[in-house]
Amino acid sequence: MITTARPIASPGARLIARGEGRISLNVLATQADLTPDLVRRLVGLGLVEPSGGTRAAPLFRRQDAALLNRALRLRRDLGLNYAGAILACELLARIDELEARLRAAAPPQRQR
């Protein structure tokens, strides 16, 4: 199922992933406020990977748009190259995952 892209108000705007569906490369590019060619380059570098579709028409997770935005902000704001931005995104995702696991495992705090 391919959804209709909705324009973003400004570059770098925070994206909220909705639903579990997969989106095309062009929709991903639109949602991430990037060109399809840049998205193809980032896919080639391994920042995001298709999660379905075919080689000619890959499909991506909706949350990949936010990941692409994060990588490009790191590149722009910190001067990282693409490989550094990819590594930083992977580490940030791992930190998010570990923090979520800690919150889930922590006993409820008693109020004083």
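In this predicted model, the charged end of arginine 75 lies over the ring of tyrosine 82. The distance to the ring centre is 4.0 Å. Both residues also take part in a helix contact: Arg75 on the side of α3, and Tyr82 on the side of α4. Pairs of aromatic rings are absent, with a count of zero.

The helices that carry these two residues were examined next. Helix α3 spans residues 64-78, and helix α3 meets helix α1 as well. Helix α4 covers residues 82-105. The axes of α3 and α4 come within 9 Å. They cross at roughly 125°. Angles from 65 to 115 degrees count as roughly perpendicular, and those over 145 as roughly antiparallel. The pair α3 and α4 is therefore oblique. The crossing of α3 past α4 is right-handed. From α3, the contact draws on Leu67, Arg70, Ala71, Leu74 and Arg75. From α4 come Tyr82, Ala85, Ala88, Cys89, Leu92, Ala93 and Asp96. By class, nine of the residues in the contact of α3 with α4 are nonpolar and three are charged. No polar residue takes part in this contact.

Helix α3 also meets helix α1, which runs over residues 25-32. The axes of α1 and α3 come within 9 Å and cross at roughly 50°. These two helices are therefore oblique to each other. The crossing of α1 past α3 is right-handed. Leu28, Gln31 and Ala32 make the contact from α1. Asp64, Ala65, Leu68 and Asn69 make it from α3. The classes in the contact of α1 with α3 are four nonpolar, two polar and one charged.

Helix α1 has a further partner in helix α2, residues 36-45. The axes of α1 and α2 come within 9 Å, and their crossing angle is roughly 105°. That angle makes α1 roughly perpendicular to α2. On α1, the contact involves Leu25, Asn26, Leu28 and Ala29. On α2, it involves Pro36, Val39 and Arg40. Five nonpolar residues, one polar and one charged make up the contact of α1 with α2.

Definitions and conventions
Residues numbered from 1 in each chain as written. Predicted model: local features only at pLDDT ≥ 70, side-chain atom pairs only at ≥ 80, totals over all residues. Heavy atoms only, no water. Axes fitted to C-alpha atoms, helices over the stretch in contact; angles between N-to-C directions. Helix = DSSP H or I, 4+ residues; strand = E, 2+ residues; numbered from the N terminus. Parallel < 35°, antiparallel > 145°, perpendicular 65-115°, else oblique. Left-handed = near helix turned anticlockwise from the far one by under 90°. Contact = heavy atoms within 4.5 Å. Nonpolar A, V, L, I, M, F, W, Y, C, P; charged D, E, K, R; others polar. Phe/Tyr/Trp six-rings, centres within 6.5 Å; stacked < 30°, edge-to-face > 60°. Lys NZ or Arg CZ within 6 Å of the ring centre and 35° of its normal.
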